[in-house]
Amino acid sequence: KATKCIGINIEQNENSIKINQKDYIELLAKKFNIVNAKPIGAPLEYKIGLDKGSKDVNKNIPYQCPIGSLMYLAVNTRPDIAFSSTALCYVDADWANDKLDLKSYSGYVFTMSDAAISWQARKQSCISLSSTEAEYVAIPDASKEAVYLQGLLNEFVSMSDPVIIYNDSQSAQKLLHNASFHNRSKHIEVRYHYVRDLIENKKIEVKFLSSADICCLPLPKKDKASTAPTFILFRNGVIDPFKHDVADLIKVYYMIGDILLNEDDNFIISGTCAVHDSKDVTLRHMLNITPTIAKKCLTSIQYGYPLRPQGIYISNSPYIEVLYNIIKPFLNEKMKERINIFSNNELQKVIPLEILPKEYGGQGSSVYELR
């Protein structure tokens with residue numbers, strides 16, 4: 001059986017087929033002399049400003065070669081770098097992201113059996129006049145791919161159900177289901193309304209998926225060299241208690257910790273402050289916190305993972321006494337002293353206003369921008 005094809009490693013067993021390009025990536029790292037480069041948690045800096053270079057290009061810098069190699073990776077096995085590699089040479093669009101020509105970027109990823117099977121990130125061919133239009137224009141690209149994948153799968157199995165496409169713009173979805181043209185949308189090319197026909201014929205179904213419902217957000221430091229602790233905001237009420245428990249929340253916490261350990265040289269020294277906004281937490285949420293889970297989570301946080309918790313702040317919790325009685329037996333004396341409880345939303349007393357999200361009365365970026 002095949003184990004490698006055009007730079008792609010293939011792993012097969014009775015239950016799955018996996019592909020990766022680890023060997024190819026290591027070869028690129030050696031070729032461009034970045035073997036010892038420091039790893040980062042994200043492929044592109046948030047809201048990075050890219051400008052057109054001058055015509056006097058330095059011929060000694062092999063720009064086209066590494067960008068082409070990154071594009072090859074993005075197309076084959078690395079959808080996570082598709083946007084960043086495109087910028088350098090769940091359907092989403094970034095309105096007017098390109099400051100050079102104000103064109104937006106569209107992106108989509110299709111999954112099947114918990115694996116990504118098709119993805120794309122590219123600049124839109126038109127200039128969108130609003131974020132709603134940028135989202136609306138992005139959906140047809142994903143819709144055409146959905147129809148293609150549906151036809152392909154029908155060659156192997158019968159597939160009568162519509163393909164579900166998730167999008168985070170409610171206004172774009174309202175535009176999809178509004179058959180009448182009006183002053184604010186009549187300028188959009190007719191080909192983008194092709195999606196409406198697919199919906200009516202039950203080929204696809206577009207559903208809303210809020211990207212603001214993020215349960216765990218690290219708040220960015222204004223000064224990366226600062227030794228102040230990193231604040232991580234937990235929005236416990238947005239979690240569906242019937243699908244996830246506190247163990248899933250801790251997993252997200254650890255993943256964020258891994259990223260911060262790679263990106264912030266001071267992180268392991270300055271530590272973290274966990275801020276829990278428990279608004280909309282229900283009794284069902286509390287029932288998920290069993291003594292066994294609480295013990296395992298708190299033991300790993302206090303003794304097993306190098307996050308150095310500097311404080312735990314809890315607000316808006318109607319079941320705070322129940323929660324505290326569950327976790328108290330598993331807290332060491334130092335952690336007991338670092339727990340602070342607020343009866344209402346007083347996060348302004350804990351988190352500096354310059355990094356506190358706007359939704360909480362701060363001056364920082366909104367939750368949507370931090371997602």
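Reader: At roughly what angle do the axes of helix α7 and helix α10 cross?

Author: Start with the general idea: two packed helices are described by the angle between their axes and the distance between the axes. Keep in mind that this is a predicted model. Here, α7 (residues 246-263) and α10 (residues 291-304) have axes that cross at roughly 15° and come within 10 Å. Angles under 35 degrees count as roughly parallel, so α7 and α10 are roughly parallel to each other.

Reader: Is the crossing of α7 and α10 left-handed or right-handed?

Author: The crossing of these two helices is left-handed. On the α7 side, the contact is made by Val246, Ala247, Ile250, Tyr253 and Tyr254, and α10 brings Ile293, Cys297, Ser300 and Ile301. Sort the contact residues of α7 and α10 by class and you get 8 nonpolar, 1 polar and no charged ones.

Reader: Which element gives the most to the lining of the largest cavity?

Author: That's α10, with 5 residues. Elements that each supply at least two lining residues include α7, β11 (272-277) and α11 (320-327).

Reader: And how many residues of the lining are nonpolar, polar and charged?

Author: By class, the lining of the largest cavity has 23 nonpolar, 8 polar and 1 charged.

Conventions. Residues numbered from 1 in each chain as written. Predicted model: local features only at pLDDT ≥ 70, side-chain atom pairs only at ≥ 80, totals over all residues. Heavy atoms only, no water. Axes fitted to C-alpha atoms, helices over the stretch in contact; angles between N-to-C directions. Helix = DSSP H or I, 4+ residues; strand = E, 2+ residues; numbered from the N terminus. Parallel < 35°, antiparallel > 145°, perpendicular 65-115°, else oblique. Left-handed = near helix turned anticlockwise from the far one by under 90°. Contact = heavy atoms within 4.5 Å. Nonpolar A, V, L, I, M, F, W, Y, C, P; charged D, E, K, R; others polar.
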